[in-house]
Structure formats: C-alpha cells, structure tokens
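Here are my notes on this one, written up as numbered points. Have the structure open while you read.

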Amino acid sequence: MWYLLPKRFFKFILFIFWNLTLIYLLFLSIITLILFNICLIIFIFWFILTIIGWFLAFIPILTFVFIPWYRRHCRLWTLQQKQSRLSVALFHSNCDLDRERILWSIVQSIVKKYRNDVQIIIYTGDKSMMSEDIFQHVKQHFDIDIKNSKSAITFIYLRSQFLLKNYQRCTLLRQSIGSMIVSFEALIRFIPDIYIDSSDYTFTYPYFYYLASSPIISYVQSPVINSNLIEPRNDEYVRDNSILTQIELLYYQLFTYINGWCGRCSKMVYCNSLWIKEQLKASQKSTSLQLLYPPCDIEQFLDIPLINKEQRIISIGQFQSETKHEFQIRAFYELLQKYVPFRIILHTYLNLFRKSKMYSNFKLILMGHVRHKEEQKCLEKLQILVEDLNIKDKVEFKININRIQFKSELTQAMIGLHTKPNQSFDIYLIEMMAAGVMIIGHESGGVQMDIIDDGQTGFLASEIESYVTKMQRIIEMSVDERCDIQKRARDSIDRFNRLNFERLFTELFDKIFDMK
C-alpha cells in the first residue's frame, strides 16, 4: 500500500494549509473588527464634539442676538396690537381634567383682576383648543365663564407636543426630553414676560429662565417621582435586591436631583397640598414654596340635602389604571357578598336578612371621561370584569357627563370612593363632601394629610377588606351619625373654595407683576 502514502501526505498538507488559512482569516477578521470599532468610536466622538461645538456657538447667537430681538418683537405685539401691558404664558397639557381646571382657574383669576393689562398666551398641542368651542367646553366642564375675555387670550399651537404622550417604557425620561423640545419650540414661537406652568413639566424651566429671563411661576399638582421610590429600603429588601433594581434606584435619585435643579429656576412655587410641599422641600430645597389649594366649586353643592340619600356608591375619575377602578369594583363585589349566606336562615336571623337585603340593593356608579384610546381600552376591561363577576345590573358607567348630570349624581349618592394611591389632591372629593356624600379615601398622599380626618370628616382605607368594612359602617350608621360627619365635612372644606384660590394667587402674583 506504499502507493497511498503520497495521497495521504497530500491530504495532510491540504489540511494544514486549510487550518492556517482559517486561523489567518479569523485573525484578520478580529483585527478588522477592532479597527472598525476604533474608527467608529473616533467618528462618534468627533461627531459629538462637532455637535457640541455648534451648540456652544449657537447659544451666544440665540441668547444675545435672537432672544433680545424677538423679545422686543413680542413686547411690541403685546403693547400695540393687543394693547396690553404684559404677556403671561401658560403651558397647557391635555393629560387630565384636573390640570386643565387649574389652568382655566388661573386664567380666570388673572383676567378678572387685570383685564386689559395682561395678554394671556396659551401654548397647546390640542387643535380643539384653537376653536371657538373651547370656551363652551370650559363652561360645561368647569363652570368657568371667560367667553367675555376671549380677546385677552391667544392660543399658540405647538407641533411637537405629541412628544409628551404616555410611553410604555422610560416614560419619565422620554417625557422630560420631549418637554425640553416642546418648550424650545414654545420659546421661539413667543417669548412671554411671565411664564406659568401648571402641568408639572419642570424640564421646561431652564429655557425660559436662562435664555429668555422670564420669571417663572409653577403650580405643582403631583411629584414627578414619589419619595417612596427613592427612600432607603430595609435590610431584607437590600439583601434580596438585584443589580437592575439598584440601577433603577440610582436612576430615580439622579432624575430627582436634576428635576430639583430645574425646579429651582422657578421664582414662585405654589403647592396644591401640604403633602406636595413636603415632597418639594426634600427635592428642591426651595424657600419660595407656598401652599395654595386648588379652586373647588363647592358653593353650588351646599344646597343639596344631607338626608334621604339613595343606595348609591359613586366614584369619579378618569378611566386609567392609576385610578384603580378594578379595585373599586372588587370591593363593591365583596360588599354585595358579605351577608348573602345568611339569606338561607331567615327565621333565625331576621335582622341579618334585612342587612343582606340592604347591601344587595346598592349600586356602584363609575363616572369619568374617556378622551384617548388607552382610556377606552381601560373602560372596556372594566366592563368585562363586571360581566365576569355577574354584577352588570349593579354597576353603571357614566361617561363624559356634564356638570348638571354630575350634580344630579351627587344629590343621590350616599358613599363616594377614592382609591388612587399617593394622590396629592382630588377636587372631586371636595365636591362630593360639599354635596353630603360620605367619603372613603385612600390612606395616603394629600387625601390623608389635607382632606380627610379619619372618622371625623370621612374615612380612610387601603385594602379591599378595609374599604368593605368602612362601607358597612357608613351604611349601618343612623341618620344622625351620618349627618354629624357630613356637617363636619362641609365645615372643613371652606378653605378650598374658589375665592380663596383667586385671592391667594393674585396676592403673590402681584409681587412679580409689579416688578415687570
């Protein structure tokens, strides 16, 4: 078989050559990849430096050339075309009705006192705000009549405001970056003499403060980050904590620091509750914090009788996951089931049967507004849950009702539910208390600290069982016991009326107005 040796030797040589070629190609690929990454890093670094360079070159032009020229242009427009002394800009966000109510209450307070001295500029991304129907919408939903002052209000449409939508991931970061872009567009569209923010977009402040030198007034309605997210955890939590959780905690702490720095650009900070004031003291370390409760239209509900309430439990809020309507439905379901087993022993426990009948006759009324696809999806999920629990005849959904219908519901209701955790303030709670509705609020945030004195002006709860217990307690109270709590609740909410809001807001606003 000696003649096979050359063939085997040739195969061996080819194998060695193939291996050497493969090693060479691998080595060449690794070197190429390393060189490519180095070149890419250099290119990105050089590109970033170029962008920073152009940005640094653009800032002096923007600050010392464009902004002063455009500010004079805006002042001339205010003085000559609108014949007003100053312009006041507000940033409108269509995220929820509470913020929109505050915006129009601020507008009403300003035009009522200053009339022709101030031109109101409203930055908005909502095209419906540009129509004549907006004043009818404000009257219908908030009972604020400013139609006679519409000449003092100018709307500026911002094309970039879609960046402020709710994101599925990294909502805080993406909305904050989006608000910076939106505020820059707002600034180049109109430079106001005074800037007011009631939408909690703190990242908009540096543009108006450092570039336009406009005094900033902020009305804070909710903390960007709750202190519970960044406070130190217990040892067991830290021991079981993962690296990702530590990174998340660091992210919240860094974001809180940056948000606090932006917040310090504000000359005057109004807080809508003591709870918010405590939150901001820790993050902004500001000395200009002023407590200013939201304007609540309580006068129109004080004529509602405190007695002869129907067997109705109501809840008011937007159909969002944060409102926890599902929690309310399940608590109501537990209430209906509480005494059902006792029906089979009528002759022995007649009294309990009467209680069972009393509970089963109650209805849950869920009222709210649906303006977006997400809210419509949330509503549909709740309707499916009601059907699954077989209580469709016990739960009603009232969508986009007007003020007349709203007052009618408050007139009939006995109990009002609030289940949103860490909410700074809820105007609907105040209006329910004014109407004589017995409130069960969530034991957290401004509801606990500012609104409800547990057992005196209403009740606080946190878990389903505690809500059920409090509902039972209210239902089983005598008329006199309920009246005592209703009267104390009405007496306690006088500090939340509209006149107090207008007086306190304009008192502090005068100081900035007189400086301009």
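What should the 14 residues of helix α16 (residues 479-492) span at 1.5 Å a residue, and how far apart are its end C-alpha atoms?

1. Starting with that helix, and bearing in mind that this is a predicted model: at 1.5 Å a residue, α16 should span 20 Å, and its end C-alpha atoms are 20 Å apart, so the two agree. The buried residues in α16 are Arg-482, Cys-483, Ile-485, Gln-486, Ala-489, Arg-490 and Ser-492. Note that two arginines, Arg-482 and Arg-490, are in that set. The cover over these buried residues includes α13, β12 (438-442), β13 (459-461) and α15 (464-476). Two of those names, α13 and α15, come back below.

2. For the overall picture, the protein chain has 17 helices and 13 strands. It runs to 516 residues, and 48% of them count as buried. Of the contacts in the chain with a separation of 6 or more, 73% are between residues 24 or more positions apart.

3. Next, α9 (residues 325-337). This helix has 13 residues and reaches 19 Å from its first C-alpha to its last, close to the 18 Å expected at 1.5 Å a residue. Its buried residues are His-325, Phe-327, Gln-328, Ile-329, Ala-331, Phe-332, Leu-335 and Leu-336. As a reminder for reading that list, an α-helix has 3.6 residues a turn, so residues three or four places apart point the same way.

4. How does α9 sit against helix α11 (residues 373-388)? The two pack at an angle of about 15°, with their axes 10 Å apart. An angle under 35 degrees counts as roughly parallel, so that is what α9 is to α11. The crossing is right-handed. On the α9 side the contact is made by His-325, Glu-326, Ile-329 and Arg-330, and on the α11 side by Leu-382, Leu-385 and Val-386. By class, those residues divide into four nonpolar, one polar and two charged.

5. α9 also packs on α15, and here the axes come within 9 Å and cross at roughly 55°. That angle makes α9 oblique to α15. This crossing, too, is right-handed. From α9 the contact takes Phe-327, Arg-330, Ala-331, Phe-332, Glu-334 and Leu-335; from α15 it takes Ile-464, Tyr-467, Val-468, Met-471, Gln-472 and Ile-475. The split by class is nine nonpolar, one polar and two charged.

6. Which residues of helix α12 (residues 403-412) meet helix α13 (residues 427-434)? From α12 they are Arg-403, Phe-406 and Leu-410, and their partners in α13 are Tyr-428, Glu-431 and Met-432. This contact has four nonpolar, no polar and two charged residues. The helices pack at an angle of about 55°, with their axes 10 Å apart, and are therefore oblique to each other. α12 passes α13 in a right-handed crossing.

7. Is Tyr-428 buried or exposed? This residue of helix α13 has a relative accessible area of 12%, so it counts as buried.

8. Last, two backbone spots to check by eye. Most residues other than glycine have a negative phi. Lys-324, though not a glycine, has a positive phi of about 60°. Its place is in the loop between β8 (312-316) and α9, and Lys-324 is partly exposed, with a relative accessible area of 27%. Asn-390 also has a positive phi, near 60°. Asn-390 is in the loop between α11 and β10 (395-399), and at 66% relative accessibility it counts as exposed.

Key: Residues are numbered from 1 along each chain as its sequence is written. This is a predicted model: local features need pLDDT of at least 70, side-chain atom pairs count only at pLDDT 80 or more; totals for chains, interfaces and linings use all residues. Side-chain values use heavy atoms; hydrogens and water are left out. Helices (H or I, at least four residues) and strands (E, at least two) are DSSP runs, numbered from the N terminus. The expected span of a helix is 1.5 Å times one less than its number of residues. Buried means under 20% relative accessible area, exposed over 50%, partly exposed in between (1.4 Å probe, protein chains only). Axes are lines fitted to C-alpha atoms, for helices over the stretch in contact, and angles run from 0 to 180 degrees between N-to-C directions. Angles under 35 degrees count as roughly parallel, over 145 as roughly antiparallel, 65 to 115 as roughly perpendicular and the rest as oblique. A crossing is left-handed if the near helix is turned anticlockwise from the far one by less than a right angle, and right-handed if clockwise. Contact means heavy atoms within 4.5 Å. Ala, Val, Leu, Ile, Met, Phe, Trp, Tyr, Cys and Pro count as nonpolar, Asp, Glu, Lys and Arg as charged, and the others, Gly among them, as polar.
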